[in-house]
Amino acid sequence: MTGRQGQGDGFCHEAYFYVDGDEFLGGTVPFVEAGLAAGETVLVALPQPRLESLQGALGPAADEVAFHPMEEIGRNPGRLISAWQCILQAVDSSRGVRGIGEPIWPGRNADEVDECERHERLVNFVFGEEPALKVMCPYNAAALDDEVLAAAERSHLYSSGSRDAAPPEPIALDGLLEGPLTPPGRPGVSLFFGRKDLRMVRHVVSQCARSAGLDTRRNEDLVLAVCEAATNSIQHAGGNGRLRIWEENDNLVCQVSDAGRIEDPLVGRQRPRPEQITGRGLWIANQICDLVQIRSGDEGTHVRMRMAIPGVAAPAVSLPDKRLGA
Amino acid sequence: MRAHGCIDSGSGLGVNDHACWSFDEPQEFADASLEFFADGLRTGQRLVFVGSEPVAEQRGRLQELGDVGQLIDGGALQLFELRDLYRPGEPIDVDLQVKTYTAATDAALADGFTGLRVAAEVTELVLDPDTWEAHVRWESIADRVMSTMPLAALCGYRGDAVPDSLLNDLATVHPATNIAADEAPFRLFGDSGRLVLSGEIDLFSNETLDRILDLALEGEEPLTLDLGELGFIDHHGLETLATHTRRRAAEGGCRVCNEPPIIQRLCELLDLKL
């Protein structure tokens, strides 16, 4: 069964449900070929096995497509919108652009899936005015939970493929900074910081990163991200905040909390413009951490940043997807 | 590279090191000077002490150095009252001071010493807030001059007579200081013909960075800024740095070298060029 392609002009954001390798290619190959035939720029971000499968199926036409492994570009879903924006800025938009992005695959944990769902809902608002952009998001309907698939239906303008999809509803943008975070693990560190404590915060994060075995570069990245988040607390949330650090499921997690309020659900997700004063710190954190979760409400704001601890099996695509064959 | 960072004693400073020393009691500065001078005696530099007290009292404070009289008679030690060399309350005459110290260093070399080593208690020069900016600029210029000759200096400032903000600025333009890193987290100083930026810069120190770069990057001769000793900088600091290096590049030339990984990372992320 093949999926419907983007219809007519205008921004198009489609969830495509597949149950096996044949159906995956049955939807993605015609989508790519239609774009190439129309002279459009075609971009594909997929987990490595699916990326190779599509490359193989396209044959020589694959040379005209820009491929990006989703494990890198979408490692932290918070960086995906910015990545797409950068790519779009670099291409000739008068030609039309279409992309395939599969941010959720079996094996991504619940927190990553949750962030992907928030990202998908935001895509409609960030790119909704791009008349010449069509995006297809494949979902493995055989292996992903029904809740994940239902959320995908809700966050895309329409769905296709083998799932019996409910009719699309208007996409809700509220609540994107709401929702609980899992309770913090047993903290190795829990401290309050003020204006004069950033140096101490950096020292503590660096020590924890060293103990967890992060290499120098990832250590420095995490220190930078946490310092940027703590700086925000000092600048925008009354001059102080709280830092908690713990290890959880082979990740080192740093959470910066304060009494401030963030209103913009797109905070940190778009590449800062030169004249932009605020929002750079969280954008930087999104580029360099493996996962960033931002929650904000009346009771305050939490920025939770995660780095995978080395020596553990890479979290992306950890289960072989037997249904897709070789 | 010249000694830089936090020190807790006057010992261990080399032939052209330059340290900012904050103290409360005059004998504290005298003790640090004694440690400083002991190294100078060993390495053969002529010692110069500049203080706000009369010379006779200075002799008393320095008696642990040895036979002070003999050192003075032999030209190995010179004592001055501050008012003999400076005019407290008036703006520092930078050119005159540079000439004076250069000439004194040359004279020491001509007299068979290996250079000049100056311990100066100069609080009186900064009691008037109107003198602060010029004085910080002077220390920065003096530092760069010193980095090219065998002239070492220990600059004493009484902590109870001047505000912390001034002390921190002064510490920033000395390569070494006994002021805690939490108060003065970064340093800008001369070394091997370059201007070195060391330490850590974040929200707390960004405004100081902006001010100090204003003072220190004046002029039109080509400049090289060495960032190899920078341990941390956030994006606010990087933007401040970029503003100044670009302005300086337009005015007379500014090259940046030894960028540490964090600078490279931030420049790449923010598409910034220093």
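Reader: How many bridges join strand 9 of chain B to strand 10 (residues 223–226) of chain B, and do the two run parallel or antiparallel?

Author: The general idea comes first: strands of a sheet pair through backbone hydrogen bonds, either parallel or antiparallel. In this structure, which is a predicted model, strand 9 of chain B is joined to strand 10 of chain B by 2 bridges, and the two strands run parallel. Within that pairing, Leu195(B) has Leu225(B) of strand 10 as its bridge partner.

Reader: Which sense of pairing links strand 9 of chain B with strand 11 of chain B, and which sense links strand 9 with strand 8 (residues 186–191) of chain B?

Author: With strand 11 of chain B the pairing is parallel, over 3 bridges, and Glu200(B) has Phe232(B) of strand 11 as its bridge partner. Strand 8 of chain B, by contrast, pairs with strand 9 (residues 194–201) in the antiparallel sense over 6 bridges, and one of the pairs there sets Gly190(B) against Leu195(B). Strands 8 and 9 of chain B form a hairpin with 2 residues between them, and in its turn Ser192(B) takes a positive phi of about 50°.

Reader: In what order do the 7 strands of the open sheet in chain B stand?

Author: The order is 1-7-2-6-5-3-4, with parallel pairing. Strand 1 (5–6) and strand 4 (77–81) of chain B each have a single partner strand, so they stand at the edges and one side of each is left without a neighbour in the sheet. Further in, strand 2 (residues 18–23) of chain B is joined to strand 7 (residues 176–177) by 2 bridges, again running parallel, and Ala19(B) stands opposite Ala176(B) of strand 7.

Reader: Which residues of helix 10 of chain B are buried, and what covers them?

Author: An α-helix has 3.6 residues a turn, so residues three or four places apart point the same way. Helix 10 (residues 261–270) of chain B is mostly covered, with 7 of its 10 residues buried; these are Ile262(B), Ile263(B), Arg265(B), Leu266(B), Cys267(B), Leu269(B) and Leu270(B). Their cover includes elements from both chains, namely helix 8 (216–236) and helix 9 (280–288) of chain A, together with strand 11 (230–233) and helix 9 (235–251) of chain B. After the helix comes Asp271(B), whose phi is positive, near 55°.

Reader: Turning to chain A, is Ser257(A) buried or exposed?

Author: Ser257(A), which lies in strand 9 (residues 251–258) of chain A, is buried, because its relative accessible area is 8%, and the cut-off for that word is under 20%. Its side chain makes a polar contact of 3.4 Å with that of Gln255(A). Beyond its neighbours within four places in sequence, Ser257(A) is in contact with residues including Ser233(A), Arg244(A) and His302(A).

Reader: What radius of gyration does chain A have?

Author: Chain A has 20 Å, which agrees with the value near 20 Å that a compact globule of 326 residues would have. Its C-alpha trace spans about 60 × 40 × 35 Å along the principal axes, and 58% of its residues count as buried.

Conventions:
Residues numbered from 1 in each chain as written. Chains lettered and ligands numbered in written order. Predicted model: local features only at pLDDT ≥ 70, side-chain atom pairs only at ≥ 80, totals over all residues. Heavy atoms only, no water. Buried < 20%, exposed > 50% of the residue type's maximum accessible area, 1.4 Å probe, protein only. Helix = DSSP H or I, 4+ residues; strand = E, 2+ residues; numbered from the N terminus. Contact = heavy atoms within 4.5 Å. Polar contact = N/O pair within 3.5 Å; in protein donor to acceptor, adjacent residues only side chain to side chain. Pairing = 2+ DSSP bridges. Rg over C-alpha atoms; globule rule 2.2 N^0.38 Å.
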